[in-house]
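Welcome, and thanks for taking a look at this one. Here is a short briefing to read alongside the structure.

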Amino acid sequence: MISGKERIQWAARETFGPQSFLLGTLTAGIGTARDHPEEYGPHWDGFAKRYGMRFTGVASSHAIEAGLGAIWGEDPRYVRNQNLPIKRRIGHVFLLSFSARDRRGKLMPAYARYIAIPGNNFLSNTWRVSSDATTSAALTRTGYGVLSEVASNAWNEFWPDVKRHVFRRQ
C-alpha cells in the first residue's frame with residue numbers, strides 16, 4: 001500500500017523528474033519546429049510557452065490522479081517485473097497502464113488515471129490559446145497522454161536492463 005508521503009513523492013517525480021523533463025523538451029521542440037500553435041511563434045519564447053503549457057497539464061494530471069487515487073486507494077506507481085519473459089513484460093507494461101493496485105495489492109481499473117488524463121486536458125482548455133482550446137485538441141492531447149503513460153511504463157520496465165547491458169563496466 002502506498003503512503004501519503006510516497007504518493008506525493010510519486011507525483012513530484014512524475015512531474016519534475018528527468019523523464020518528464022526530456023519528454024517535455026522533445027514535445028516543445030517538435031511543437032516549435034512545427035510552429036503549433038502559431039500564437040506562440042517559432043522561437044525560444046514559443047518553445048518556453050509550449051514547455052510551460054505541457055508542464056501545467058502534466059502537473060494537473062498527476063495532482064488529480066494522486067488526489068483521487070488516495071480517496072479510492074489506488075497505487076499509481078509502476079512496479080517492474082523483470083523475471084517474466086519479454087512478451088509477458090510487454091503485457092505487464094500495458095496492463096499497468098490501465099490498472100492500479102488497490103489497498104490490498106489487487107489489480108483494479110485505474111479510475112483516477114481515467115479521470116486525470118482527459119480531465120486535465122479539458123481543464124487546460126481554459127488557459128490555452130484559442131486555436132488549441134478545442135474539444136478536438138483536448139481529445140488529441142488525451143490520446144497522447146495515454147500513449148505517454150504506456151511509454152513511461154515501458155521505459156521503467158526496460159531502461160534498467162538496457163542501462164545495465166550498454167553501460168556495464170568492461
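Arg77 is partly exposed, because its relative accessibility of 27% lies between the 20% and 50% cut-offs. Please keep in mind that this is a predicted model. The notes below begin with the salt bridges, then turn to a loop, a pair of positions and a surface patch.

**Salt bridges across the chain**

- Over the whole structure, a search finds 12 salt bridges.
- One of them pairs Glu6 with Arg77, with 3.7 Å between the closest N and O atoms. This pair links distant parts of the chain, 71 residues apart: Glu6 sits in helix α1 (residues 4-16), and Arg77 in the loop between α3 (44-72) and α4 (86-98).
- Like Arg77, which is partly exposed, Glu6 counts as partly exposed, at 30% relative accessibility.
- As a general point, side chains of opposite charge can pair when their charged atoms come close.

**A buried pair between two helices**

- Asp161 and Arg89 meet through their side chains in a salt bridge, at 2.5 Å from N to O. Here too the pair links distant parts of the chain, with Asp161 in helix α6 (residues 135-166) and Arg89 in helix α4, 72 residues apart.
- Are these two partners buried or exposed? Asp161 is buried because its relative accessible area of 12% is under 20%. Arg89 is buried as well, with a relative accessible area of 7%.

- Asp102 and Arg104 form a salt bridge in which the closest N and O atoms are 3.3 Å apart.
- Asp102 is buried, at a relative accessible area of 15%, whereas Arg104 counts as exposed, at 69% relative accessibility.
- Elsewhere, salt bridges that share partners join four residues into one network: Arg80, Arg89, Glu157 and Asp161.

**The loop between α2 and α3**

- Which residues are joined by a cis peptide bond? They are His36 and Pro37, with omega at about -5°. Pro37 is placed in the loop between α2 (18-34) and α3.
- Asp35 lies in the loop between α2 and α3. Its phi is near 55°, a positive value in a residue other than glycine.
- Asp35 is partly exposed, with a relative accessible area of 22%.
- For context, most residues other than glycine have a negative phi, and most peptide bonds are trans.

**Thr140 and Lys87**

- Thr140 belongs to helix α6 and counts as partly exposed at 41% relative accessibility.
- From C-alpha to C-alpha, Thr140 and Lys87 are 29 Å apart in space, and they are 53 residues apart in sequence.

- Which element gives the largest share of the nonpolar patch? It is α4, with four residues.
- Phe98 is partly exposed, with a relative accessible area of 37%.

Notes: Residues numbered from 1 in each chain as written. Predicted model: local features only at pLDDT ≥ 70, side-chain atom pairs only at ≥ 80, totals over all residues. Heavy atoms only, no water. Buried < 20%, exposed > 50% of the residue type's maximum accessible area, 1.4 Å probe, protein only.
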